[in-house]
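This report describes selected local features of one protein structure.

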Amino acid sequence: MSRIGKMPVAIPAGVKINVTPESFTVEGPKGKLTQSYLPEVEIKIDGGVAQVSRKSETKVAKSLHGLYRKLLFNLVEGVSKGFSKTLLISGVGYRAELKGKSLLLNLGYSNQMEYIVPDGITIVLEGQTKIQVSGIDKVQVGQVSAEIRSIRPPEPYKGKGIKYDTEVIRRKVGKSGIK
């Protein structure tokens with residue numbers, strides 16, 4: 001039995017789950033999210049908990065059991081609390097600026113880089129070097145954060161670039177200069 005799949009998903013107050021044969025919809029105070037699922041698993045809601053179980057013991061059903069439980073958990077977490085990631089910009093002259101629905105980044109290139117913020121994502125700047133990406137969909141928050149980071153990933157010699165706040169950059173030593 002899947003260790004993750006057999007755990008029940010607690011449904012907080014104000015969150016409503018609607019299950020159809022091919023998808024489940026989670027609606028809460030922050031919004032509404034829908035996820036489709038395959039018929040190898042089944043989702044039951046009893047009171048304040050949701051339980052994901054598999055219909056057979058095939059390899060495919062076993063692999064999908066924990067996956068759909070975690071996806072359901074992420075949707076419930078997203079519509080009730082939301083998700084966020086923090087990016088840090090380091091480097092001399094590197095900075096970010098928010099104008100309407102676009103994030104303008106000065107990252108040492110000859111031109112200013114522009115990132116259009118998709119719907120469902122909120123970007124907040126704390127100063128000019130700290131970017132807070134938040135939203136209700138965990139996948140979308142992670143994807144937007146990865147796209148912003150990929151504009152100028154951190155380099156190992158001086159650590160300049162955009163990095164996650166929890167990321168540790170392995171630094172390399174440069175040339176020694178000894179003849």
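A residue is called buried when its relative accessible area is under 20%, and exposed when that area is over 50%. The model discussed here is predicted.

**Helix α2**

Under that criterion, the buried residues of α2 are Val 141, Val 144, Ser 145, Ile 148 and Ile 151. These residues lie on the same side of α2, because the arc they cover around the axis is only 115°. Val 139 and Ser 150, on the other side of the helix, are exposed.

The helix comprises the 14 residues 138–151. At 1.5 Å a residue, α2 should span 20 Å, and the distance of 21 Å between its end C-alpha atoms agrees with this expectation.

**The open sheet**

Four strands form an open sheet in the order β11-β12-β7-β13, and their pairing is antiparallel. β11 and β13 are the edge strands, each pairing on one side only. From one strand to the next, the twist averages 25°.

The pairing of β7 with β13 is antiparallel and extends over four bridges. Ser 90 stands opposite Gly 161, a residue of β13. Helix α2 lies across β7, β11, β12 and β13, and runs at about 10° to β7.

Gln 132 belongs to strand β12. Is this residue buried or exposed? Its relative accessibility is 18%, and Gln 132 therefore counts as buried, the cut-off being under 20%. The side chain of Gln 132 makes a polar contact of 2.9 Å with the side chain of Thr 86. When neighbours within four places in sequence are left aside, Gln 132 is in contact with Ser 84, Lys 85, Thr 86, Thr 122, Ile 123, Val 124 and Glu 126.

Ser 23 is located in strand β3, which covers residues 23–28. With a relative accessible area of 15%, Ser 23 is likewise buried. Which residues does Ser 23 touch, not counting those up to four places away in sequence? They are Asn 18, Thr 34, Gln 35, Ser 36 and Tyr 37.

Notes. Residues are numbered from 1 along each chain as its sequence is written. This is a predicted model: local features need pLDDT of at least 70, side-chain atom pairs count only at pLDDT 80 or more; totals for chains, interfaces and linings use all residues. Side-chain values use heavy atoms; hydrogens and water are left out. Helices (H or I, at least four residues) and strands (E, at least two) are DSSP runs, numbered from the N terminus. The expected span of a helix is 1.5 Å times one less than its number of residues. Buried means under 20% relative accessible area, exposed over 50%, partly exposed in between (1.4 Å probe, protein chains only). The arc is that of the directions from the helix axis to the C-beta atoms. A polar contact is a pair of N or O atoms within 3.5 Å; within protein, one must be able to donate a hydrogen and the other to accept it, and residues adjacent in sequence count only if both atoms are side-chain atoms. Contact means heavy atoms within 4.5 Å. Two strands pair if DSSP finds at least two bridges between them. Axes are lines fitted to C-alpha atoms, for helices over the stretch in contact, and angles run from 0 to 180 degrees between N-to-C directions.
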